[in-house]
Amino acid sequence: MSIKYLHAMIRTTDPEASHEFYTDGLGLVQTRRYDSEQGQFSLIYYATEPGAPEVELTHNWDDRTYSGGDQFGHLAFEVENIYDVCQNLQNMGITILRPPRDGHMAFIKDPNGISIELLQKDGSLEPQEPWASMANTGSW
């Protein structure tokens, strides 16, 4: 049997805020978009690079709201420098829920309330402030 991971789908009520988060915050690129006038929805795809597994944001054009179920855990992304990424996200007003105290792992949430794990590429960086002494906040 052959299997290939394609994407994870997240429903969004604010595609503009999600776009800013995934592109400016995480550095992903929008790989494609499909808008269905008949179905009244948009599918917007992001990846680390074209051809890589994607995050699919589904935006239904009605006024429905969503709440997170407990079946979904989190998305995970490997980053070149976890401190730089966390600082950039913090500058954008994103709360670092689990700071990278160990130089290796952090958790944040996207504008849709989806937990995102950030992992330092090639192990851990040396602990550094303000991250090393920063407390957890909220839930992830």
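A charge is said to sit over a ring if NZ of Lys or CZ of Arg is within 6 Å of the ring centre and within 35 degrees of the ring normal. The charged end of Arg 32 meets this rule above the ring of Tyr 45, at 3.7 Å from the ring's centre.

The model is predicted, so local features need pLDDT of at least 70 and side-chain atom pairs count only at pLDDT 80 or more, while totals for chains, interfaces and linings use all residues. Residues are numbered from 1 along each chain as its sequence is written, and side-chain values use heavy atoms, with hydrogens and water left out.

I turn now to the domains. The domain assignment, which is automatic or comes from a database, gives domain 1 (7-60) and domain 2 (75-133). Their centres, taken over C-alpha atoms, are separated by 21 Å. In contact, meaning heavy atoms within 4.5 Å, are 16 residues of domain 1 and 15 residues of domain 2.

What is a nonpolar core? A nonpolar core is a set of buried Ala, Val, Leu, Ile, Met, Phe, Trp, Tyr and Cys residues joined through side-chain atoms within 4.5 Å. Buried means under 20% relative accessible area, exposed over 50%, and partly exposed in between, with a 1.4 Å probe and protein chains only. The largest such core has 26 residues, and those touching the most other members are Tyr 22, Leu 26, Leu 75, Leu 89, Ile 108, Ile 116 and Leu 118. Which element gives the most to this core? That element is α2, with 5 residues. Helices (H or I, at least four residues) and strands (E, at least two) are DSSP runs, numbered from the N terminus. Each of the two domains, domain 1 (7-60) and domain 2 (75-133), supplies at least three residues to the core. Leaving aside residues up to four places away in sequence, Leu 118 touches several residues, including Leu 26, Phe 77, Leu 89 and Ile 108.

Next, the aromatic rings. Rings of Phe, Tyr and Trp (its six-membered ring) pair if their centres lie within 6.5 Å; planes under 30 degrees apart count as stacked, over 60 as edge-to-face and the rest as tilted. By this rule there are 4 aromatic pairs. Phe 21 and Tyr 22 form an edge-to-face pair, 5.0 Å centre to centre with 85° between the planes. Phe 21 is buried at 1% relative accessible area, and Tyr 22 is buried at 0%. Ring pairs also link Phe 21, Tyr 22 and Tyr 46 into a cluster.

Why is the pair of Phe 107 and Trp 140 called stacked? The ring centres of Phe 107 and Trp 140 are 5.8 Å apart and the planes lie at 25°, so the pair counts as stacked. Phe 107 belongs to strand β6 and Trp 140 to the segment after β7, so this pair ties together parts 33 residues apart in sequence. Phe 107 is buried at 7% relative accessibility, whereas Trp 140 is partly exposed at 35%.

Strand β6 also has a partner: two strands pair if DSSP finds at least two bridges between them, and β6 and β7 pair in the antiparallel sense over 5 bridges. Lys 109 stands opposite Ser 115 in β7. The hairpin of β6 and β7 has 5 residues between its strands, and there Gly 113 takes a positive phi near 85°.

Finally, Pro 50 is in the loop between β3 and β4. Is Pro 50 buried or exposed? At 70% relative accessibility, Pro 50 is exposed.
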